[in-house]
Amino acid sequence: MTDPHWIIHLPTTLTSVDEAAALSMALRRSLGHVLAIDFGETTLSEEDRQSVRTRVWCDAPLATSRRCSRAAAHSGRCR
């Protein structure tokens with residue numbers, strides 16, 4: 001059995017999903033070197049509808065044992 005992983009919920013004052021996605025992208029750029037953070041699993045939700053989540057990243061597995069870093073629902077091939 002493995003130890004449980006913890007989720008950090010980070011409320012913001014942003015009022016649009018686009019602004020929240022932009023903030024998550026900026027956090028990934030600035031904190032991407034922190035291996036304890038799994039940015040591929042980033043989701044967004046409205047404050048009063050936290051059970052309805054929107055994925056930020058595609059995160060599909062790639063042949064290189066890495067994951068796609070493109071936006072969720074991107075067009076074209078993963079990279």
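Reply: Helices (H or I, at least four residues) and strands (E, at least two) are DSSP runs, numbered from the N terminus. By that definition there are one helix and two strands in the chain, and along the sequence they follow the pattern α-β-β. The model is predicted: local features need pLDDT of at least 70 and side-chain atom pairs count only at pLDDT 80 or more, while totals for chains, interfaces and linings use all residues. Residues are numbered from 1 along each chain as its sequence is written, and side-chain values use heavy atoms, with hydrogens and water left out.

Me: How do you know that the span of α1 is close to the expected one?
Reply: The expected span of a helix is 1.5 Å times one less than its number of residues. Helix α1 (residues 17-31) has 15 residues, and the distance from its first C-alpha to its last is 21 Å, close to the expected 21 Å.

Me: What makes the buried residues of α1 line one face of the helix?
Reply: Buried means under 20% relative accessible area, exposed over 50%, and partly exposed in between (1.4 Å probe, protein chains only). In α1, A20, A21 and S24 are buried. Seen down the axis of α1, its buried residues fall within an arc of 100 degrees, so they line one face; the arc is that of the directions from the helix axis to the C-beta atoms. The face turned away from the buried side carries the exposed residues D18 and R29.

Me: Against which element do the buried residues of α1 pack?
Reply: They pack against β1 (43-46), where contact means heavy atoms within 4.5 Å.

Me: Why is T42 called buried?
Reply: T42, in the loop between α1 and β1, has 17% relative accessibility and therefore counts as buried. Leaving aside residues up to four places away in sequence, T42 touches S24, T54, R55, V56 and W57. The T42 side chain also reaches the backbone oxygen of F39 at 2.7 Å.

Me: Why is L31 called partly exposed?
Reply: L31 belongs to helix α1. Its relative accessibility is 32%, so L31 counts as partly exposed. Residues up to four places away in sequence not being counted, L31 touches I37 and F39.

Me: Which class, buried or exposed, does D59 fall into, and which does A73?
Reply: D59 is in the segment after β2, and at 8% relative accessibility D59 counts as buried. A73 also lies in the segment after β2, but at 84% relative accessibility A73 counts as exposed. Phi of D59 is near 60 degrees, a positive value in a residue other than glycine. A73 likewise has a positive phi of about 60 degrees although it is not a glycine.

Me: What makes a space a pocket, and what is the volume of the largest pocket?
Reply: On a 1 Å grid over the protein atoms alone, a pocket is an open set of points with protein on both sides within 12 Å along at least five of seven lines, whereas in a cavity a 1.4 Å probe fits but cannot get out; lining residues have an atom within 4 Å of a point. The largest pocket has a volume of about 1400 Å³. Of the 33 residues that line this pocket, the closest to its centre are I8, H9, L10, T43 and L44. The elements giving two or more residues to its lining are α1, β1 and β2 (49-55), and α1 gives the most, with six residues.

Terms used. Polar contact = N/O pair within 3.5 Å; in protein donor to acceptor, adjacent residues only side chain to side chain. Points joined across faces, edges and corners; volume = space filled by probe spheres on them.
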